[in-house]
Amino acid sequence: MKSLNSIPTSKVSRAGKVAVAGLKVGGNYLKHYGKKVTNQKTSQEALDQDNAADVYNCLSEMKGSALKVAQMLSMDRGALPKAYTDQFAMAQYQSPPLSAPLVNKILKRELGKKPEKVFQNFSPNAERAASIGQVHKAVYKNQEVAIKLQYPGVADSISSDLKLVKPFALKLLKLKSAEVKVYFSEIEKKMLEETHYLQELEQGSSLAEKCQHLDYLRFPQYFRELSSERLLVMEWLHGKHVDEFFNEEISQEDRDAIGQKLWDFYHFQMHELKWLHADPHPGNFLIGEKGDLRVIDFGCMKKVPEDFYTNYFLGVDQGLFDDDKRFHQNLLDLEILRPDDSPKAVKFFTKNFKKLMKLAMRPFHYTEFDFADDSFFMELYEMGDRIKREQDKEGHSHNRGSKHFIYTNRTYYGLYNILSLLKAKVKINIITHKAGPST
């Protein structure tokens, strides 16, 4: 993969990258419809593949929040055409890295001296390159370490980047700008947090301490004396990334064991800590030689408010869906229904979200759930698509639900996605919520 000698940092240069992508997408449409007019063979899938590649190439050169949005969209296999999710998945840890000269320049600025003066051994070639930073391998005090280096200009460009990529996201998801203001504000806030590496250090250290009784987990140790807001130095954790097990010939027992560790880890975070590692993609988990789960990247953590937590999990009690009054209040508390909704809107969202929430909560209604069951995911995607289409047809707005859904749903969807690709069967630690939120 070709390395980058520079990253556009000014608003004008970054806007120019997006404009070029827009022109290429427009050209792809012209070619697509030109072929149709002349009866040449073409397809929507081919158009999607061309557009996805052009948009991704633009975002990968920009790095930062623009690329992070692509990464988030890639986790939702039902929200976008497959060509986009496949292409955007590369943003997880396969985007173009910075060149060696640029890496050395940035490190010298952050460390105050050349990297070879600090580390016994240092590789200027990135081991992994993602949306906000890239990782290098080195040796420090006779210990292998990972150096996480933030891309230039990322923190300063988040707000302007989101404005630039917003039209793409709205078009792909078929949403209106006015409807998503509060949600984009939540995304901007969390992305800005991810650029503060010292905060990530504290979050990673704190989560490791709170999880120390879970003996199947490993977290990296940090080197505070070398770390800064734009540079994070930590222990190098060895192991296979979880995605290496997706297509590998391993036993069902091993698949289930990996899946169970992931499920139990998130169960503890949500129900005991109410504080989530909210970036559950395969690149953030490794499996050690002895089968332990190794967790990295704590830049995106989500605190779950008590009242939202309680209402989110009321659906664990299937009786909720048979109690019209209680379910109506639950929809109001989750901001899916609004006090000023028309009777027509209330009827529409009550009927459809009863089905959707009951389906989404299905894993929690069993003592054991087989995530290899593709029918569950197909039903979930198809129902979501149908509701979106009916919302458009009926003229109902799409901006439904608390802003806390964004990263809570992202966490569970990401977890479900990994477990599905692992084809894992897990034991569900049943929780019970029969009362509303306490006062």
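Analyst: Two strands count as paired if DSSP finds at least two bridges between them. Please bear in mind that this is a predicted model.

User: How many bridges join strand β3 to β4?

Analyst: Strand β3 covers residues 133-140 and runs antiparallel to β4. The two strands form a hairpin with two residues between them, and Lys141 in the turn has a positive phi of about 50°. Val135 stands opposite Lys148 in β4. The number of bridges joining β3 to β4 is eight.

User: Is strand β4 largely enclosed or largely open?

Analyst: A residue counts as buried when its relative accessible area is under 20%. In strand β4 (residues 143-150), six of the eight residues are buried. Strand β4 also pairs with strand β6 (residues 231-235) in the antiparallel sense over five bridges, with Val145 opposite Glu235 in β6. Given the burial of its residues, β4 is therefore largely enclosed by the rest of the structure.

User: Which residues touch the most other members of the largest nonpolar core?

Analyst: In soluble globular proteins, nonpolar side chains tend to be buried together. The largest nonpolar core here has 97 residues, and its largest share, eight residues, comes from α15. Beyond its neighbours within four places in sequence, Phe119 is in contact with residues including Leu111, Tyr140 and Leu226. The residues that touch the most other members of the core are Phe119 and Phe265.

User: How is helix α10 oriented relative to α15?

Analyst: The axes of helix α10 (residues 252-273) and helix α15 (residues 405-422) come within 9 Å and cross at roughly 170°. Angles over 145 degrees count as roughly antiparallel. Helix α10 is therefore roughly antiparallel to α15.

User: How do the residues of the contact of α10 with α15 divide into nonpolar, polar and charged?

Analyst: Among the residues making this contact are Arg255, Ile258 and Gly259 of α10 and Thr408, Tyr412 and Leu415 of α15. The residues of the contact divide into 12 nonpolar, four polar and one charged.

How values were computed
Residues are numbered from 1 along each chain as its sequence is written. This is a predicted model: local features need pLDDT of at least 70, side-chain atom pairs count only at pLDDT 80 or more; totals for chains, interfaces and linings use all residues. Side-chain values use heavy atoms; hydrogens and water are left out. Axes are lines fitted to C-alpha atoms, for helices over the stretch in contact, and angles run from 0 to 180 degrees between N-to-C directions. Helices (H or I, at least four residues) and strands (E, at least two) are DSSP runs, numbered from the N terminus. Angles under 35 degrees count as roughly parallel, over 145 as roughly antiparallel, 65 to 115 as roughly perpendicular and the rest as oblique. Contact means heavy atoms within 4.5 Å. Ala, Val, Leu, Ile, Met, Phe, Trp, Tyr, Cys and Pro count as nonpolar, Asp, Glu, Lys and Arg as charged, and the others, Gly among them, as polar. A nonpolar core is a set of buried Ala, Val, Leu, Ile, Met, Phe, Trp, Tyr and Cys residues joined through side-chain atoms within 4.5 Å. Buried means under 20% relative accessible area, exposed over 50%, partly exposed in between (1.4 Å probe, protein chains only).
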